[in-house]
Amino acid sequence: FDDLILLTTFKSNSSSHRRASFSSKLPNGTYTVFKEPLPLDRIKIVDVSDCQGWEKSFSIVHYSRFVQVLGVYTFQAISDLEKNDVIQEVARIQERLKKS
């Protein structure tokens, strides 16, 4: 990703429920966009893995230009390494966006 995060859901081909939206077809199912893209200059990533039961988790806080919280999305990575990679990559891109 370059300057935004795209949140999608995966629906397997066996699902009979279909709705109109942007989607990408794959052999085993479809990825569907379910939220507006989150601009990287308007998010904060919080490592929540210190909380009991939230191992390998992080939250993305989306806020407006007036610093009002618009949404909070929590994700769990497959490993701590993957979680740290995501957090570091977002921080790197946010630094680059601040300089430009």
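**Getting to know the inside of this fold**

Q: Is Q94 buried or exposed?
A: In this predicted model, Q94 has a relative accessible area of 18%. Buried means under 20%, so Q94 falls on that side of the cut-off. The label for Q94 is therefore buried.

Q: Which residues does Q94 touch, leaving aside its neighbours within four places in sequence?
A: Start with where Q94 sits: it's found in helix α1. Skip the neighbours within four places in sequence, and the contacts of Q94 are L40 and I43.

Q: Is L38 buried or exposed?
A: Look for L38 in strand β5, which covers residues 38-39. Its relative accessibility is 1%. Anything under 20% counts as buried, so L38 is buried.

Q: How far apart in space are L38 and I60, C-alpha to C-alpha?
A: Along the chain, these two are 22 residues apart. L38 still touches I60, and its other contacts beyond four places in sequence include L4, H62 and Y73. From C-alpha to C-alpha, the distance between L38 and I60 is 9.4 Å.

Q: What is the volume of the largest pocket?
A: First, picture its lining: 12 residues, with I5, F58, I60, F75 and V86 nearest the centre. By class, that lining has 10 nonpolar, 1 polar and 1 charged residues. The volume of this pocket is about 260 Å³.

Q: Which element gives the most to the lining of the largest pocket?
A: The lining of the largest pocket has 12 residues. Elements giving two or more of them are β7 (57-63), β8 (69-76) and α1 (80-99). With 3 residues, the one that gives the most is α1.

Q: Where in the protein chain is confidence lowest?
A: Overall, the mean pLDDT is 85, and 85% of the residues reach 70 or more. Confidence is highest in β7, at 96. The lowest mean, 55, belongs to residues 23-26, that is, strand β3.

Key. Residues are numbered from 1 along each chain as its sequence is written. This is a predicted model: local features need pLDDT of at least 70, side-chain atom pairs count only at pLDDT 80 or more; totals for chains, interfaces and linings use all residues. Side-chain values use heavy atoms; hydrogens and water are left out. On a 1 Å grid over the protein atoms alone, a cavity is a set of points where a 1.4 Å probe fits but cannot get out, and a pocket is an open set with protein on both sides within 12 Å along at least five of seven lines; lining residues have an atom within 4 Å of a point. Grid points are joined across faces, edges and corners, and a volume is the space filled by probe spheres set on the points. Helices (H or I, at least four residues) and strands (E, at least two) are DSSP runs, numbered from the N terminus. Ala, Val, Leu, Ile, Met, Phe, Trp, Tyr, Cys and Pro count as nonpolar, Asp, Glu, Lys and Arg as charged, and the others, Gly among them, as polar. pLDDT is the predictor's confidence in each residue, from 0 to 100. Buried means under 20% relative accessible area, exposed over 50%, partly exposed in between (1.4 Å probe, protein chains only). Contact means heavy atoms within 4.5 Å.
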